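Hi everyone, thanks for making time. I'd like to walk you through one structure, so let me put it up on the screen.

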Amino acid sequence: MLEAIELTKRYGSVQALDGFSLRVDAGEIVGLVGHNGAGKTTFIEMAAGLVRPDTGTMRIDGAEAGRARNRIGIAPQHIALYRWTTVREHLELFGGLAGMGRAELSTAIDELVAALRLGEFIDRRAGFLSGGQQRRTQAAAALIHRPAVLLLDEPTAGADPQTREALLDVVKQRAGEGAAVIYTTHYLPELADLQATIAVARSGRIIARGTTAELLDGLPGEVCVSFGDEEIRTTTTDPTTTLIELLNRADRPVKAIDLRNPSLDDLYRSLAVTDVR
Amino acid sequence: MSVDASPRSPLASSVATAHRIGVLVRHNIRWRLRDPGQVISYIVLPMIIMLVFKPIYVRAFDTGSMSGILHAVTGPLVMFSVFTLTIVGNSILLEREWRTWDRLRTSSASITELLLGKVVPVFAILLVQQLVLLVYGCLVIGLPFPRSAGLVVLAVVVWVFTLIAIGAAMATILRSHSELGLVSDLGAITLSAVGGALVPVAIMPGWAQVVAHFSPGYWALTMLQAAVRGDALAAFGPALVLLGIGFAAGGFAVWRMARGWGRSDLL
C-alpha cells in the first residue's frame, strides 16, 4: 500500500508538487493522468525514494519511501538500461540487488520471458534492442522481484501494440496477486483495459480521484443524427435520452446515428486542459 | 509477496550487503571487460614510452644510471595513471548519461554499496595496470626489484585511491565525455609534466620546482620512487598528501552522487 500525504516539492521557481495526496491500496491499479508538468514524474521519483519531499509524507507499507525500496519496482519514463548489458543480465542485476538467489531468479526470469515475450532477445545487449523491446526489458526489471508497489511511468510510451498488450496483461496479473500499481500514461484507453481507478494531477496536486464511472458522471457526451442532407449534432449529459427525443421528433427517415458517451479523453480535457505550466 | 527488504539479524544484514556488493562488482567487471580498449592502451603505451625514453632519462641524470632508470619507469607510470582518470570518469558519466545511476538508487543497495560495487573493479584494474608496469620496468627496463614489495604495493594502492577519488569527483561535475576527455588529457599532461613525470623536477626551472608541489603527480612520483628504493620514511609524507587529496575529492564525489542527478542541470 502506498500513501502520499500533502507532498510539496519545489525546484527553483517551479512548484513541482503542491499538496499532492494519493492513496493506493494493495491490489489496486491507479491511473495517474495529467499534462506534462503536472507533477506525475516527481511523485513517482518521490515514491521510489529518489527525491525527498520538502514537506509531507510518503509511506510504502507503513515505511518511509526511501526505506522501503525493496518493496517497489519502478519502470521510469526514460529508458535506463546499460547499453552493453543483455536483457538477462539486467534481470539478474536488479533481481540480485533485491536479494534473490540464483534458483529464484531463474524461475522469475523464465516467467517474465513468457509473460512479456522476451525470449527472442533475452541474450541481446540492450543497446541493440528496439524501443519496444527496451520498454519490455525495463518493465521486466521492475517486476522481477515481485514488488508490493509497482511504479510504472509511461511504460508503454512509443511501444508497439504487442508490447502494450503484453505489459497490460502482466500488470493486471500482478495487481490480482495484491500489488499496488501506479500507472501514468497519456494513452487513456489503457486505463480502461486495466480497469484502473483514475487520479487526475494538475499543478502538482490531485484534482480528481475515483472510478471511471464516477469521474465521467455528469460529463457531456455527444449525439449525432444524420438525415442524409442534414445532420443534428448536440452535446448532452444524457446521450441516450437525448437520442430518443431526437428520434421521436424526426419527421424524415434517419440515415445514421452516432452516440458517443463521455470518455476518459473528455474527462482529461475537461480537468487538465488548463494546465500550461 | 515481495522479497524481504530488511533482514533482521546483523549477520543476515551483512550477508545481504555482501551479496548486493557482489552483484554490483560482477556487473561492473562484466561492463569493463566488454570495453577494454582504454585499459589496454594505458598499459601498452607507457611500456613503449619507457623503452624509447630510457636512454634519455639515463643520460639526464649525472648521478648514475639507476636514478635514470627509476625515472624512466615511474615517470610514464604516473603520467599514464593520470590518463586513467578517464576510465573512472567515463564509467560514472555513462551511468548519468544512461540514467542507470538513478535506476540503481531505486534498488535496495545503499549509496555506499553502489559506490563500492562501482569502485572495486576500477580499483582492481588500476592496481593491475600499475603493478604490470612496475614488473615490466623490472624485467625489461632494468629497474632493480624493489627491496620491499609490500611498500610498493601500499604506495600503488594510495595512488590508485587518489586517482579514483579525483576521477569520480570530476565525473560528477563535468557534463560530457568531451569535457571529461579535455580535462583528463590536458590535466594528465599538465599534472604529470608539472609534477616531474616527463622531465625530472631537479632539472626544471626554479619557479617550476615550486609549482610542482601543487601537482598530485609530483607527490605520486616522489612516493613511488621512494617506495621502489625501499625508503618508507620518504614515501610517508607524499602518501599523506595524496590521501588528503583523495579523501577531499572522494568526499565531494560521494556527496554529489548521493544526491543523484534527476533534476540537475548537468547532462
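Let's start in chain A, where six strands make an open sheet with mixed pairing, ordered β6-β7-β8-β3-β9-β10. Just so we're clear, this is a predicted model. Going from one strand to the next, the twist averages 15°.

If you look at β6(A), four bridges tie that strand to β7(A), residues 149-153, and the two run parallel. To pick out a pair there, A:I72 has A:V149 as its bridge partner in β7(A).

Now, what lies across these strands? That's helix α1 of chain A, residues 40-47, lying across β3 (29-33), β6, β7, β8 (180-184) and β9 (197-202), and running at about 150° to β7(A). Helix α5 of chain A, residues 161-176, packs on the sheet too, touching β3, β7 and β8, with its direction at about 150° to that of β8(A).

Okay, over to chain B and a helix pair. The axes of α6(B), residues 111-141, and α7(B), residues 149-173, come within 10 Å and cross at roughly 135°. So α6(B) counts as oblique to α7(B); the cut-off for roughly antiparallel is over 145 degrees. The crossing is right-handed.

And which residues meet there? From α6(B) you've got B:V119, B:V122, B:F123, B:L126, B:L127, B:Q130, B:L131 and B:L134, and from α7(B) there's B:V152, B:V156, B:V157, B:V160, B:L163 and B:I164. Sorted by type, the contact has 13 nonpolar residues, one polar and no charged.

Notes. Residues numbered from 1 in each chain as written. Chains lettered and ligands numbered in written order. Predicted model: local features only at pLDDT ≥ 70, side-chain atom pairs only at ≥ 80, totals over all residues. Axes fitted to C-alpha atoms, helices over the stretch in contact; angles between N-to-C directions. Parallel < 35°, antiparallel > 145°, perpendicular 65-115°, else oblique. Left-handed = near helix turned anticlockwise from the far one by under 90°. Contact = placed C-beta atoms within 7 Å. Nonpolar A, V, L, I, M, F, W, Y, C, P; charged D, E, K, R; others polar. Pairing = 2+ DSSP bridges.
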